[in-house]
Amino acid sequence: MPKKYDPQMRERALRMLAEAMPDYKTKTAAVQHVAGLLGMSAETLRTWARKVEVDAGRVPGTPSD
């Protein structure tokens, strides 16, 4: 059963991911590291990060607005 995370946890995870990105060769490695630190699924964090990129217009997709 999926866990629900509050908005503060989501913001923290995405901020940690952004800070960790320069230390890793791939986004996948950074996502796995941060997700492990926070005890969450890497897929959850990857999905959140993808949504941020789509909403910002950096990658193609349907924005959440």
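Helices are DSSP runs (H or I, at least four residues), numbered from the N terminus. This is a predicted model, so I note the limits: local features need pLDDT of at least 70, side-chain atom pairs count only at pLDDT 80 or more, and totals for chains, interfaces and linings use all residues. Residues are numbered from 1 along each chain as its sequence is written, and side-chain values use heavy atoms, with hydrogens and water left out.

**Entry: α1 and α2**

I listed the contact. On the α1 side I have Met9, Arg12, Ala13, Met16, Leu17 and Ala20, and they meet Ala30, Val31, Val34, Leu37 and Leu38 of α2. I sorted these by class and got ten nonpolar, no polar and one charged. For the classes, Ala, Val, Leu, Ile, Met, Phe, Trp, Tyr, Cys and Pro count as nonpolar, Asp, Glu, Lys and Arg as charged, and the others, Gly among them, as polar.

Next I took the geometry, with axes as lines fitted to C-alpha atoms over the stretch in contact and angles from 0 to 180 degrees between N-to-C directions. The axes of α1 and α2 cross at roughly 135 degrees and come within 9 Å.

For α2 and α3 I have an angle of about 125 degrees and axes 8 Å apart, so I call the two oblique. Lys27, Val31, Gln32, Val34 and Ala35 in α2 meet Ala42, Leu45, Arg46, Ala49 and Glu53 in α3. My tally for the contact of α2 with α3 is six nonpolar, one polar and three charged.

**Entry: Met40**

Where is Met40 placed? I found Met40 in the loop between α2 (27–38) and α3 (42–55). Met40 is buried at a relative accessible area of 9% (buried is under 20%, exposed over 50%, partly exposed in between, with a 1.4 Å probe and protein chains only). Leaving out residues up to four places away in sequence, Met40 touches Tyr5, Met9, Ala13, Ala35, Leu45 and Trp48. I also checked Met40 to Ala13: 27 residues apart along the chain, 9.5 Å between the C-alpha atoms.

**Entry: aromatics**

How many aromatic pairs does the structure hold? I count one. Rings of Phe, Tyr and Trp (its six-membered ring) pair if their centres lie within 6.5 Å, and planes under 30 degrees apart are stacked, over 60 edge-to-face, the rest tilted. Tyr5 and Trp48 are edge-to-face, 5.6 Å centre to centre and 90 degrees between the planes. Tyr5 lies in the segment before α1 (7–20) and Trp48 in α3, so the pair ties together parts 43 residues apart in sequence. Tyr5 is partly exposed at 26%, and Trp48 counts as buried at 12%.

Definitions and conventions. Contact means heavy atoms within 4.5 Å. Angles under 35 degrees count as roughly parallel, over 145 as roughly antiparallel, 65 to 115 as roughly perpendicular and the rest as oblique.
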